[in-house]
Amino acid sequence: MDQTKILIGSPICQKPAILKEFLDSLDELRTENLHIEYYFVDDNEDQAAKDLLHEFSQQHEQTHVMPYEITTGRYVRNDKTHYWPDELVWKVAGMKDGIIEYAKSHEFDYLFLIDSDLVVHPDTLEHLISAEKDIVSTIFWTKWQPDSPEMPQVWVSDHYTLYEMREGGKLEDEEIRKRTSEFLHKLRVPGLYEVGGLGACTLISRNALSAGVGFKKIPNLSLWGEDRHFCVRSAALGLTLYVDTHYPAYHIYRETDLDGVQAYKQRYPHHSRAIREGRSVTVSLCMIAKNEEDALQRGLPNIKDLMDEIIIVDTGSTDRTKEVAAEFGAKIYDFPWIDDFAAARNHAFSKATMDYIMWLDADDIILEEDQKLLRQTIRALNPTIDSVTMPYNIGVNPNGKVTFSLRRNRIVKRERNYQWYGAVHEYLNVYGNVIHSEAAVTHHKEKEYTDRNLQIYRRHQAAGKEFSIRDLYYFGNELRDNLFFEEAVEYYEKYLATGLGWVEDQIAACLKLSACYIRMYEREKAFESLFRTMIYDKPRAEACCRIGNIFYDQQPKQLEQAIFWYELAASLPKPTSALAFMEQNAWTWLPHLNLCLCYDKLGQYDKANDHNNQALAYEPDHPSMLLNKKYYEEKFAALKKEQQESTVRIPIYE
């Protein structure tokens, strides 16, 4: 079987450190069943760069290094940008055309023309050939200025237009922004797309070479840059241009970009696996852990096959946490504990190398049905997405039913460099394009409860550290959980008095404030706190159920008032906020069970039974509801019998 002949060509005037990465990248290309030759135009002034080309030619027999004798037009670059005077542009065009002529005269099947400041994925060449296109480039992204966003080396039309034009009409600015955004987002999704312009990492077929493609300046064309003249000439010859986005290259545009090469290469096997699995991105799992050997043995088997990398930051374990983590292929890093959860999580995030980061606590698990949903979520991820929220089920009853859940930003784009904040009850500051998944994380805590978080806050308090607005709320939570109700009330009130903070925390603070007042036997203040929840949003089922409870528990019971609030709770639509916390009981069966009790007290057994049945629809195995069901079956049977026995037959006399 004849091998496909490939010429890899590049005009080279490069800094040695960057050139070495470029040559190493070429050496790592997969080239099974390919005949590879190299053609380098050596325009280097630095002897070290010349030596690298010589060494490469010694290691690869079919390497042609052609010195370039014309010394005019030197290449100037710095850490901000590159400078391309016209004479240098057309000098490079001449070099590229010389490579094209060599490829044509030696009858190569393809010319892979690539700039010497790129690092490519090992699968790049084979993948481009498999596209079976005459001209196709591998995409790469560059910050042309240090503080500018990354932009692609392909475009739609003209000099660098990134949107489809409207024939015969002018687009409004908003429409231009919309179309540009759509084009850029599309390029972040693995695929093969037709474009109007490309360059720098391009596979050109023999058919295109024979048709007459080239970089020579077109006299009546004012566009700047040899790549644009190549693209216009190609289009005039009837050749279509394509970009492939499956294996983006890495551009070492500045020497500072050298720092990212190893991280890019570390993603090679994971990126290849992701493509094979139909995914467009890779995912790192990040955890912090201390003495969690049992938890890791429970949780990691459920998620290890979904992750491309596992990062465990150990904050001082004395058990087999590290050994267990290693058994699952985790990368393990030590981090001295400094009473700061955010610092530990940020350290874990800093070690991740994949496209996205998913974080978990050591005692979190992914249940079987959620593993399937998570796999679907990861498969649907694409680089336009910044974050994925997922339900966090932190309360589960013995039957496995969720009793309390909230949403967390669970999977985030690594390059966004999102940061954690807060020494205790830390949060991830996320913004951008956020989507929502139904794949849930379930908290499965088996360790005994400790006052660790409270003590951290106490130490901060003793040290005179100023609490953030968020800390006021969470310190109140820790005080309440540890039965310091008076102090908890103080901090909840301080938090609410700021008028700031997340609305869901404000609502939760009012609910918890009410619970504290109940424990302190201050019923009126408990009432007030529950009604305060309605300052921040429409009534929530949690508050309505609690208000109903207060009326029900009074002596004598105020059943009509209790019924009003339970009925309201049962009729409310769930909050529209995706991140709202929810006590699932309050939004499902609890108000119906309470209505059953109220109507039973009023002797309205049909209504009581109806609400018990509605509650059972949510919790078919709930023991109290099953007892109620039996109770009403017996009661209705007894009432029917009593009715039958009390029926008096009136005799008829003729």
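Trainee: Why do H19 and H20 count as roughly antiparallel to each other?

Mentor: Two packed helices are described by the angle between their axes and the distance between the axes. Here helix H19 (residues 541-553) and helix H20 (residues 559-571) pack at an angle of about 165 degrees, and their axes are 8 Å apart. They are therefore roughly antiparallel (under 35 degrees is roughly parallel, over 145 roughly antiparallel, 65 to 115 roughly perpendicular and the rest oblique). Axes are lines fitted to C-alpha atoms, for helices over the stretch in contact, and angles run from 0 to 180 degrees between N-to-C directions. Helices (H or I, at least four residues) and strands (E, at least two) are DSSP runs, numbered from the N terminus.

Trainee: What should I know about the model itself?

Mentor: This is a predicted model, in which local features need pLDDT of at least 70 and side-chain atom pairs count only at pLDDT 80 or more, while totals for chains, interfaces and linings use all residues. Residues are numbered from 1 along each chain as its sequence is written, and side-chain values use heavy atoms, with hydrogens and water left out.

Trainee: Is the crossing of H19 and H20 left-handed or right-handed?

Mentor: Left-handed (the near helix is turned anticlockwise from the far one by less than a right angle; clockwise is right-handed). In the contact (heavy atoms within 4.5 Å), the H19 residues include Cys544, Cys545 and Phe551, and those of H20 include Trp565 and Tyr566. The residues of this contact divide into twelve nonpolar, three polar and no charged (Ala, Val, Leu, Ile, Met, Phe, Trp, Tyr, Cys and Pro are nonpolar, Asp, Glu, Lys and Arg charged, and the others, Gly among them, polar).

Trainee: At what angle do H15 and H16 pack?

Mentor: Helix H15 (residues 469-481) and helix H16 (residues 485-497) pack at about 160 degrees, with axes 8 Å apart. They are therefore roughly antiparallel. H15 passes H16 in a left-handed crossing. Among the contact residues are Tyr473, Phe475 and Arg480 of H15, and Glu487, Tyr491 and Lys494 of H16. By class, this contact has ten nonpolar, two polar and three charged residues.

Trainee: How many residues of strand E6 are buried?

Mentor: Buried means under 20% relative accessible area, exposed over 50%, and partly exposed in between (1.4 Å probe, protein chains only). In E6 (residues 110-114), five of the five residues are buried, so the strand is largely enclosed by the rest of the structure. Tyr110, Phe112 and Ile114 cover one side, and Leu111 and Leu113 the other.

Trainee: Which strand is joined to E6 by five bridges?

Mentor: Two strands pair if DSSP finds at least two bridges between them. The five bridges join E6 to strand E11 (residues 201-205), and the two run antiparallel. Leucine 113 stands opposite threonine 202 in E11. Strand E1 (residues 4-12) pairs with E6 in the parallel sense over four bridges, and leucine 7 has leucine 111 as its bridge partner in E6.

Trainee: Which residues lie on each side of strand E16?

Mentor: In E16 (residues 356-359), Tyr356 and Met358 are on one side and Ile357 and Trp359 on the other, all buried. Four bridges join E16 to E13 in parallel, with serine 284 opposite isoleucine 357. Three bridges join E16 to strand E19 (residues 402-413), antiparallel, and isoleucine 357 stands opposite valine 412 there.

Trainee: Where is arginine 279?

Mentor: Arginine 279 is in the loop between helix H9 (268-276) and strand E13 (283-289). This arginine is buried, with a relative accessible area of 6%.
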